[in-house]
Amino acid sequence: MNSGLNRGPSRFRLNSLRSRLMLLVALAMMPLALMTVLAGVRERAHTIQASEEHLRRLTALAAANEAQSIQGARQILVDLASVPDLLGDTARCTALLSDVLDRNEGFVNFGLIQLNGDVTCSAVPLLHPVNLGDRSHFRRAVDERRFIAGDYVFGRVIKKHTINLTYPVIDRAGKVLAVVFAAMDLEALDTFIKDVDLPPGSILTTVDARGGIISRRPEPETWFGKPVPQAMLEAMRAPAASAGAVTLHGTDGVERLHSFARVGTPTLTDYTVTIGIPTEGILRAARHDQIMSLLGLGATILLALLAAWLVGDVLIVRRVHKLMGTAERLAAGDLEARSRIDYGNEEIGSLAQALDRMAAALQKKEAARSLAERELRSADQRKDEFLAMLAHELRNPLAPISTGANLLRLLHSENAQIHQTCSIIVRQVQHMTGLVDDLLDVSRVTRGLVSISAQPLDLKRVIEDAIEQIRPLVTARRHRLLVELPDPPRALAPAMGDHKRLVQVVANLLGNAGKYTPEGGSIRLRLEVEGDAGQGSWLLSVSDNGIGMDAGLVGRVFDLFTQAERTPDRSQGGLGLGLALVKSLVELHGGSVQAASPGPGQGSTFTVRLPRQVHGLPAPLAQADAAAAADTVAAAAAVSGAPLRILLCDDHVDAVHTLQLFLRSAGHEVDIAYTAGDALELARLTRPAVCLLDIGLPDFDGNELARRLRQLPQAAGSTLIAMTGYGRQQDRATALAAGFDHYLVKPVDTVRLAEILATVVRADTPVDDNM
């Protein structure tokens with residue numbers, strides 16, 4: 001018995017009860033696991049959000065510090081622009097600017113630029129004339145008439161990294177007279193943001209309007225004047241740059257979270273400060289917390305699963321194994337098996353109690369079934385014995401009829417009328433014998449176990465024999481029977497099949513039409529070829545103008561025990577087996593049968609299709625009765641010149657006498673006994689060459705008689721032939737085991753009997769040495 005439970009404590013299978021218990025525990029832990037994961041995700045998002053807020057504050061602080069230094073420089077230039085000496089004597093102007101430079105750290109020069117770009121006054125002595133007319137900060141100060149913070153430049157006079165801050169000198173009439181400028185040292189500008197506390201690995205960068213770096217931490221000297229990466233410049237110029245943070249990869253390959261802030265107002269500078277913090281540093285703490293939470297969750301789940309495994313093994317699996325063992329013993333047939341589990345007020349105890357109750361009920365039912373089976377076998381045996389006896393009693397009257405007919409046909413072969421009459425009797429006896437065989441084995445028919453002996457035959461001959469069987473019914477009910485056969489009339493209709501079974505098919509269809517057609521009605525039988533000559537079929541149809549069928553009956557007319565509604569004028573309606581047998585027999589021949597009817601009162605048509613025998617018949621089948629008679633005469637003639645001593649034993653007087661007449665007509669000496677004891681005495685006296693013995697004798701049966709005859713010296717070498725009404729295979733095997741040489745079922749086939757006797761004659765005839 002297959003089981004989904006484990007047989008060993010170390011095995012784990014997903015379809016085991018213990019594993020399912022563990023699965024339930026795991027499912028129960030799923031909400032906790034989900035909450036842990038969600039908490040980790042939220043913690044990560046919160047960490048990133050807090051880092052972004054902190055980054056924005058740092059960036060804003062750095063931008064404010066730089067804006068403060070730029071605003072201080074602007075105020076100095078505004079004050080200088082209002083001093084009258086600035087536009088006066090050059091010496092006085094130079095002295096003024098030198099004094100201002102000395103007073104203000106972080107600046108490397110102050111100067112005055114005329115409208116043509118010439119620097120006419122400078123705190124730092126000029127070694128040669130300098131013109132700044134090409135500088136954008138100078139042109140913008142003149143054009144825009146306001147303070148301008150210029151882009152990064154490398155000072156032409158002081159030879160340092162600077163930014164130039166310019167302010168226009170305007171008279172009372174509003175006319176720009178000159179531009180005063182201040183050159184701020186970038187290293188000094190960097191000191192304003194040194195107070196900003198940056199996380200390790202962070203970068204603080206100040207960029208001018210063109211994207212040039214004017215301040216950077218760390219390593220400012222290396223980066224002065226260099227352009228920032230394109231990705232950073234695009235993120236800096238994006239509309240949402242000041243509102244959020246952006247993740248960028250730096251030139252060192254490190255991923256950083258960047259925030260951007262403008263230095264001062266748009267009227268002060270066009271500078272932008274950005275701070276980038278490594279994302280790894282931001283997420284490290286959150287990741288550590290997540291890992292610790294997941295480790296704790298994993299440990300909790302593992303402990304819960306281990307507890308489920310151990311508790312499930314003790315409380316569930318072991319007890320279920322007991323139930324399985326009990327079920328397997330019950331399946332193996334041990335109905336006394338019980339679970340031996342205490343019935344507690346819980347599910348497994350209830351299941352054990354139910355299993356034990358089921359076992360007890362099965363034990364009772366098995367005892368009852370065994371008793372019923374014994375009774376059924378006994379009844380089946382009695383049924384078999386009854387059917388065998390019925391067959392014996394039905395065949396016994398047929399034996400003298402068949403033998404007498406063959407005897408008359410043999411003695412009066414020259415009289416055509418007697419010959420024809422005897423042939424009819426013989427054929428009808430043979431057909432009735434076949435019907436007895438079928439009726440005694442209904443189960444063979446219903447289960448499709450009827451076998452056929454396919455031989456080349458003439459369908460016209462089949463039709464003639466079927467008409468001969470059904471003629472009494474047609475005559476009694478005054479039906480008009482119209483038969484249409486293919487031309488020419490003497491041509492054969494070759495087919496492969498069992499002659500007797502096909503006669504039964506046609507006779508059943510004609511009989512069905514006769515039963516359900518009123519007196520004086522018409523029945524038409526038609527045989528024709530369907531299709532071409534090479535691949536065609538025989539189409540045999542039986543039509544009548546009888547009561548017809550409705551659509552429901554047409555669909556089930558070939559089912560067992562199906563009949564139309566009985567009326568008083570259809571007293572021969574039968575048992576409803578005929579058409580079912582027709583369908584089975586036709587299909588065994590590789591054909592098909594169909595039923596059709598326009599409706600009640602409009603008649604019916606049954607159509608049978610059978611394969612054609614393309615190559616014709618191997619020998620003419622016409623004159624079959626004459627050939628059969630010739631076989632009988634020839635067989636009798638074959639033994640008439642060498643008479644045998646035959647012992648005939650049968651308790652049926654008519655059968656004994658008719659068979660005695662047949663054998664004596666062939667020249668044999670026949671001794672008759674009606675009991676087995678008399679047969680033994682005759683065998684001692686006559687030394688028979690052949691013993692024809694019935695099985696059902698009054699004193700002891702023919703099988704015992706055969707065994708005793710084999711023990712007699714006078715009959716030990718005799719040919720023993722059983723002739724009986726018992727036709728079962730087991731009866732045949734029993735007789736051959738008792739010592740019989742041949743087994744013939746009544747009514748005895750006289751041709752077969754003559755062949756057996758001819759064999760005995762040939763065996764007993766001495767060989768002529770002169771031949």
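I take helices (H or I, at least four residues) and strands (E, at least two) as DSSP runs, numbered from the N terminus, and the expected span of a helix as 1.5 Å times one less than its number of residues. I am working from a predicted model, in which local features need pLDDT of at least 70, side-chain atom pairs count only at pLDDT 80 or more, and totals for chains, interfaces and linings use all residues. I number residues from 1 along each chain as its sequence is written, and my side-chain values use heavy atoms, with hydrogens and water left out.

**Helix α16.** I looked up α16, residues 653–665, and found that its 13 residues reach 18 Å from the first C-alpha to the last, close to the 18 Å expected. I noted Ala 655, Val 656, Thr 658, Leu 659, Gln 660, Phe 662 and Leu 663 as buried in α16 (under 20% relative accessible area, with exposed over 50% and partly exposed in between, using a 1.4 Å probe and protein chains only). After α16 I found Gly 667, with a positive phi near 95°.

**Aromatic pairs.** I searched the whole structure and found two aromatic pairs (ring centres of Phe, Tyr or Trp, the last by its six-membered ring, within 6.5 Å; planes under 30 degrees apart are stacked, over 60 edge-to-face, the rest tilted). Phe 558 and Phe 606 form an edge-to-face pair, 6.1 Å centre to centre with 85° between the planes. Because Phe 558 lies in the loop between α13 and α14 and Phe 606 in strand β17, this pair ties together parts 48 residues apart in sequence.
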